[in-house]
Amino acid sequence: MPEPGDPRFLDVLSREHVDALRALGRMRRFPVGAALFNERAPGDAVFVLMSGRVKLSCVTEGGREALLGIREPGDLIGEMSAIDQSPRLASAIALDPVEVLIVSSQAFVSFLDSTPSVALGLVRMLNRRLREAARERIEFGTLDTVARVCSRLVDLADRFGAPEGDGVYIELAITQEELAAWTGASREAVIRALRTLRELGWIETRRRGVTVLEVEQLRRRAV
């Protein structure tokens, strides 16, 4: 998951490059819950998210669904498999009604070949994701489940939270199983961690959302 404030793919493109990319693709809308593409499908296109949010997830060898990240407007989705023509590593599911620009793999690679500055921007974006993945591996090896859950809640609050009374409300269609896989813990451990945070008065939970009442307390507990 990108850090709050990290530039999205479209943010690093000039107006000219955005227009050129739009000319190569077609716009399409997806309703909530629809799959933009599925795990192991051919990587025949990239998707530029114009509106709405998308979750990326895969199924582990044990049959659990693992949440890998959430993409926002301006993000590029499916670029790795499109570039190297490998099967999709994850499924992309719409969390909101979304609109995407779909560009074929061949056209996207040709676009990168003709625009070195865009290719460099893509490399930098992928580097940020690799650094974040490395940070997550360190967290999984050194932090307890409560700290990992706090870290995820802080990330979500920073990126998607909306002020609500004295707290920050996060509305996302993420199941407890997905949150568990995202934190590298069992569902039961995550349930216990959420109960602990509720008892401390740091969060309130509801269907399809969480209200964070003590963001700074979560932030301190997450390290």
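This is a predicted model: local features need pLDDT of at least 70, side-chain atom pairs count only at pLDDT 80 or more; totals for chains, interfaces and linings use all residues.
Student: What is the volume of the largest cavity, and which residues line the largest cavity?

Tutor: First the idea: on a 1 Å grid over the protein atoms alone, a cavity is a set of points where a 1.4 Å probe fits but cannot get out, a pocket is an open set with protein on both sides within 12 Å along at least five of seven lines, and lining residues have an atom within 4 Å of a point. Points are joined across faces, edges and corners, and the volume is the space filled by probe spheres set on them. In this model there is one cavity of 30 Å³ or more, and the largest has a volume of about 30 Å³. Its lining consists of Leu10, Val18, Leu21, Arg22, Val48, Met50 and Leu101. Helix 1 (15-24) and strand 3 (45-51) each give two or more residues to this lining, with helix 1 giving the largest share, three residues. Those element names come from DSSP runs numbered from the N terminus: helices are H or I with at least four residues, strands are E with at least two.

Student: Now the open spaces. Which residues are closest to the centre of the largest pocket?

Tutor: The largest pocket holds about 880 Å³ of space. Of its 31 lining residues, Leu56, Leu68, Arg71, Met80 and Leu89 are the closest to the centre. Two or more lining residues come from each of strand 5 (65-71), strand 6 (76-77), helix 2 (79-84), helix 4 (116-142) and helix 6 (176-183). Helix 4 has the largest share, eight residues. By class, you get 18 nonpolar, four polar and nine charged residues.

Student: Which residues lie nearest the centre of the second largest pocket?

Tutor: Ile174, Gln176, Arg206, Gly209 and Val210 do, out of 17 lining residues. That pocket has about 360 Å³ of space. Helix 7 (187-199) is among the elements that supply at least two lining residues, and its three residues are the largest share. The classes here are nine nonpolar, four polar and four charged.

Student: How many salt bridges does the structure hold?

Tutor: Side chains of opposite charge can pair when their charged atoms come close. A salt bridge is counted when a side-chain nitrogen of Lys or Arg is within 4 Å of a carboxyl oxygen of Asp or Glu. This structure holds 13. One of them joins Arg159 and Glu72, with the closest N and O atoms 2.4 Å apart. Arg159 sits in helix 5 and Glu72 in the loop between strand 5 and strand 6, 87 residues apart, so the pair links distant parts of the chain.

Student: Are Arg159 and Glu72 buried or exposed?

Tutor: Both are buried, where buried means under 20% relative accessible area, exposed over 50%, and partly exposed in between (1.4 Å probe, protein chains only). Another bridge, between Glu164 and Arg206, has its closest N and O atoms 3.0 Å apart. Glu164 lies in strand 9 (residues 162-164) and Arg206 in strand 11, so this bridge ties together parts 42 residues apart in sequence. Glu164 is partly exposed at 31% relative accessible area, and Arg206 is partly exposed too, at 40%. Salt bridges that share partners also join Arg8, Glu72, Asp75 and Arg159 into one network.

Student: What is the strand order in the open sheet of four strands?

Tutor: Strands of a sheet pair through backbone hydrogen bonds, either parallel or antiparallel. Two strands count as paired if DSSP finds at least two bridges between them. The order here is 2-7-4-5, with antiparallel pairing. Strand 2 (35-37) and strand 5 stand at the edges with a single partner strand each, so one side of each has no neighbour in the sheet. Strand 4 (residues 54-59) pairs with strand 5 over six bridges; one example is Val54, whose bridge partner in strand 5 is Arg71.

Methods: Residues are numbered from 1 along each chain as its sequence is written. Side-chain values use heavy atoms; hydrogens and water are left out. Ala, Val, Leu, Ile, Met, Phe, Trp, Tyr, Cys and Pro count as nonpolar, Asp, Glu, Lys and Arg as charged, and the others, Gly among them, as polar.
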